[in-house]
There are 2 protein chains.
Amino acid sequence: MRTAKLTTDGTITLKHVAALAGVSPITVSRALNKPDTVSDKLREKIERAVEQLGYVQNHVAGALASAGSNVIPVIVPSLSNTVFVEVVAGIQEIAQKTGYQLMLGNTDYDLDQECALVSTFLGWSPPGLIIAGMRHLERTHTLLKRYGKPVVEVMEYGAHPIDMNVGLSHYQAGEAMAKHLIERGYKQIVFVGCQLTADYRAWQRYKGMDRVLAKAGLTRRPPVALEQTSHVQVGGPALIDVLATQPDVDAIFFANDDLAVGAILRAQRDGIPIPGRVAIAGFNGLGLAELVMPALTTIVSPRMEIGRIAAQQLFDRLAGRSPRRRRVDVSFELISRQST
Amino acid sequence: MRTAKLTTDGTITLKHVAALAGVSPITVSRALNKPDTVSDKLREKIERAVEQLGYVQNHVAGALASAGSNVIPVIVPSLSNTVFVEVVAGIQEIAQKTGYQLMLGNTDYDLDQECALVSTFLGWSPPGLIIAGMRHLERTHTLLKRYGKPVVEVMEYGAHPIDMNVGLSHYQAGEAMAKHLIERGYKQIVFVGCQLTADYRAWQRYKGMDRVLAKAGLTRRPPVALEQTSHVQVGGPALIDVLATQPDVDAIFFANDDLAVGAILRAQRDGIPIPGRVAIAGFNGLGLAELVMPALTTIVSPRMEIGRIAAQQLFDRLAGRSPRRRRVDVSFELISRQST
DNA sequence: CTGAAAGCGCTTACAG
DNA sequence: CTGAAAGCGCTTACAG
């Protein structure tokens, strides 16, 4: 028997509102969820009752009864990387506008963790889900496939999405930067990144670069894979280290702008001429890239836009509109500046 | 009648698992939620059944039945500001460890939006809630008070928290920086920030600074309040503008490091000597601050730590432990570098 | 250690 | 436009 408890904890429910307004709970539910289906007079009376009692709708009960909620899980590998935060911000922007809420999961680049998160999140019967990346455990894949509701995989653009996909080809981005560096006359090019095993998108950029170097018959160096988490502080020491251990290197393609900016600031401090001694390129297109000296050559990825499009695709589907394209390549732009 | 639907959409429920394992649904529920209370034999049988059917627990139903969930709403004013993201990351770190999920809300510095978010979030019967800031609408305040579960207000440290509070005094931070600048011999000091009406924590820093200037008998200038969103790109133009319109200014206290770093990079580009022509100070303690030239004097706020402590306090309370202190002043550290 | 009953607070068809 | 009944899928006491 819970009746006693109900009386005790004083939760205000639909029934209370209904009683005060002198209507049935059903009518209250309708007045709240589909205002048009209720006469003006009743609606006003109900709104007053809601106000007076300070009634807060119980979405848990609502979700159970209607087998659906308006909470969208978003799963990303990291929050310390601006890139994912910006994607989340883009999703947020659209979600909030459309009346959806976000549930945030962070995998820390761990696929088991990702699987656990997906499983938990699906238990909330979300109307859809957004997840970063296209590499998942078999089990994660199965869960999402069987789930049967809209899923958007974001960040990279790939061949076999679970459902929908918004991103860019990191492989092509790597190719583009390699071509740029070769055009500028650099011949001894090395890739420097952090945690390249986990951050396989950075790895894809390396592979793209490597392919172009191979085709051009240039020296192919193994990537410099740093252990630390990527951070602006890491770029400087990495630069010094590369110059010491591989003195013939004439260009460094950093996995992201944070590292590259760190390297440029360090070079400036130490009086290492960029690009005279070594050229430096980044990836992401942070605002900072054009402010440092020399300004940084980088590839701009439209992160907010990825978030916005992903959310839009999801909500289009939820609204019954089928999105124009199931897969969206947002592409990228190489911006050549003084650092190369 | 929903039975038909159940059969149709093929959702796998506790009942299905129970049937396959040859036990009652209650036992399955227990095996999943309180494994110790079930005999090993049954538990294994049940786990196999779960695996075989690919059963995903329905948390919505669970939350309704037990009147509680493990999803914690976190409400912040912005996601484009690193500061809040870091707090969220800190919360995440602890939450994930403890088996809680985060529900993310973004108010865009709008108190009405904040109120709407609180109301919606409370409808999910969360076990607690974390919210940035201590200034809310009356209605928001009432909702949270009446809610009766743990609430942590983060970012600033203040006098009358709704429940718990973790942060630092921005007023004191402003005072500290003003004292530092005065000690260094600067006399014409101005505060520059973005959207100071909405970002009232920045405003508090200004007020703290202003108080110290007043006490020292120095010129009190109105703060330069920029309209744009705060961003590293905004700092440079702001610097140029201040030097042009208030040429006697000898020190600028920027509302945050992004602006200050932007200013320093611009000064470098334009050959404006820092701190010779004008001293520059920031707030936050970003990694970047010590890399620019000259290195930036700033105040370090322990953002991740705020998130961690807030989450810890919340979970302590949820676990029945009363946290050591209801209010935590995480304080700050002024780091004096070459820019002042 | 295991199970039958009741209930969580809503919404969804179905009538009127 | 409004309402009575049934049910969403779980968990919480209470027995055994």
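This note sets out, in numbered points, the chain contact, the strands and helices, and selected residues of a predicted model.

1. Basis of the model. The model is predicted: local features need pLDDT of at least 70, side-chain atom pairs count only at pLDDT 80 or more, and totals for chains, interfaces and linings use all residues. Residues are numbered from 1 along each chain as its sequence is written, while chains are lettered from A and ligands numbered from 1 in the order in which they are written.

2. Relation of the two chains.

3. The contact between the chains. Chain B gives 44 residues to the contact and chain A gives 43 residues, where two residues are in contact if their C-beta atoms, placed from the backbone, lie within 7 Å. On the side of chain B that touches chain A, the elements giving two or more residues are α5 (59-66), α6 (82-98), β2 (101-106), α7 (111-122), α11 (232-245) and α12 (257-270). Helices (H or I, at least four residues) and strands (E, at least two) are DSSP runs, numbered from the N terminus. The largest share of this side, six residues, comes from β2(B). By class, the side has 21 nonpolar, 21 polar and two charged residues; Ala, Val, Leu, Ile, Met, Phe, Trp, Tyr, Cys and Pro count as nonpolar, Asp, Glu, Lys and Arg as charged, and the others, Gly among them, as polar. Because 98% of the interface residues of chain B are also interface residues in chain A, the copies meet through the same surface.

4. Strand pairing across the contact. Strand β2 (residues 101-106) of chain A and β2(B) run antiparallel and are joined by three bridges; two strands pair if DSSP finds at least two bridges between them. Within this pairing, Met103(A) stands opposite Met103(B).

5. Parallel strands of chain A. Four bridges link strand β3 (residues 129-132) to β4(A), and these strands run parallel; Ile130(A) has Val152(A) as its bridge partner in β4(A). Strand β4 (residues 151-156) is in turn joined to β5(A) by five bridges, again in parallel, with Gly167(A) as the bridge partner of Met155(A). Three bridges then connect β5(A) to strand β11 (residues 327-329) of chain A, also parallel, and here Gly167(A) stands opposite Asp329(A).

6. Burial of these strands. A residue is buried if 20 or more other C-beta atoms lie within 10 Å of its own, exposed if 12 or fewer, and partly exposed in between, with C-beta atoms placed from the backbone. Six of the six residues of β4(A) are buried, and the strand is mostly covered. Strand β5 (residues 164-168) of chain A is largely enclosed by the rest of the structure, because five of its five residues are buried. From β5(A), Met164(A), Val166(A) and Leu168(A) point one way, whereas Asn165(A) and Gly167(A) point the other way.

7. Chain A is divided into domain 1 (3-57), domain 2 (69-168 + 303-330) and domain 3 (170-300), with bounds from an automatic or database domain assignment. The C-alpha centres of domain 1 and domain 3 of chain A lie 61 Å apart. In helix α2 (residues 14-21) of chain A, Leu14(A), Val17(A) and Ala21(A) are buried. They cover an arc of only 65° around the axis, which puts them on the same side of α2(A); the arc is that of the directions from the helix axis to the C-beta atoms. The buried residues of α2(A) pack against α3 (25-33) and α4 (40-53) of chain A.

8. Backbone points to check in chain B. The peptide bond from Ile274(B) to Pro275(B) is cis, with omega near 5°, and Pro275(B) is in the loop between α12 and β9 (279-281). The bond from Met293(B) to Pro294(B) is likewise cis, with omega near -5°. Asp108(B), a residue other than glycine, has a positive phi near 55° and is found in the loop between β2 and α7 of chain B.
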